[in-house]
Amino acid sequence: MQIESRKVVTLEYTLTDEGGDVLDTSKGGEPLVYLHGSGNIIPGLESALAGKGEGESLKVTVSPEDAYGDRDEDLMQTVPKSHFGDEELEVGMQFQARGPEGPVLLTIVRVLADTVTLDANHPLAGKTLSFDVTVLSVRDATLEELTHGHVHGPGGHHHH
């Protein structure tokens, strides 16, 4: 069976940046399970996987516009340090805040005596990403998965 829209795909993957550093991998953990054609993974990887079958391996390089977008300097914000109370703050710390369209991941990029600079860009924005992927399985999605737009059951999304 080949990967196409409305198929549930199980992948083993390793994600590296331009320098070859491993950013994420499923090796030693759970494989990635997603519903193809539903925007559950970045567009550049999804389009490269279309038409592939079980057991196939591929290397995919994805430019920022087909991954997490380019960096947007307007998403940088400096706030008073007092907003954080007595919390020990360090560059690289991440936390969620409420944004107009739901939760936003913020990363601390600078800590000064009175101010903290936050970055709301995705941590991988502006980066060219390389995926080393092996297709473990491809199956038809269930009606419930198609209705919800994501995978259910082992390795997929669980409703509580």
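1. The lining of the largest pocket draws its largest share, 4 residues, from strand β7, where a strand is a DSSP run of E, at least two residues in length, numbered from the N terminus. A pocket here is an open set of points on a 1 Å grid over the protein atoms alone, where a 1.4 Å probe fits, with protein on both sides within 12 Å along at least five of seven lines, and lining residues have an atom within 4 Å of a point.

2. The model is predicted, with local features needing pLDDT of at least 70 and side-chain atom pairs counting only at pLDDT 80 or more, while totals for chains, interfaces and linings use all residues. Residues are numbered from 1 along each chain as its sequence is written, and side-chain values use heavy atoms, with hydrogens and water left out.

3. Of the 15 residues that line the largest pocket, G99, P100, V104, L106 and A120 lie nearest its centre. At least two residues of this lining come from each of β5, β6 (94-99) and β7.

4. Strand β8 (residues 115-119) is largely enclosed by the rest of the structure, because 4 of its 5 residues are buried, that is, under 20% relative accessible area with a 1.4 Å probe, protein chains only.

5. On one pairing of β8, strand β5 (residues 76-80) runs antiparallel to it and is joined by 5 bridges, with Q77 opposite L118. Strand β7 (residues 102-111) is also antiparallel to β8, through 4 bridges; R110 stands opposite T117, and a hairpin of 3 residues connects β7 to β8.

Technical notes
Buried means under 20% relative accessible area, exposed over 50%, partly exposed in between (1.4 Å probe, protein chains only). Two strands pair if DSSP finds at least two bridges between them.
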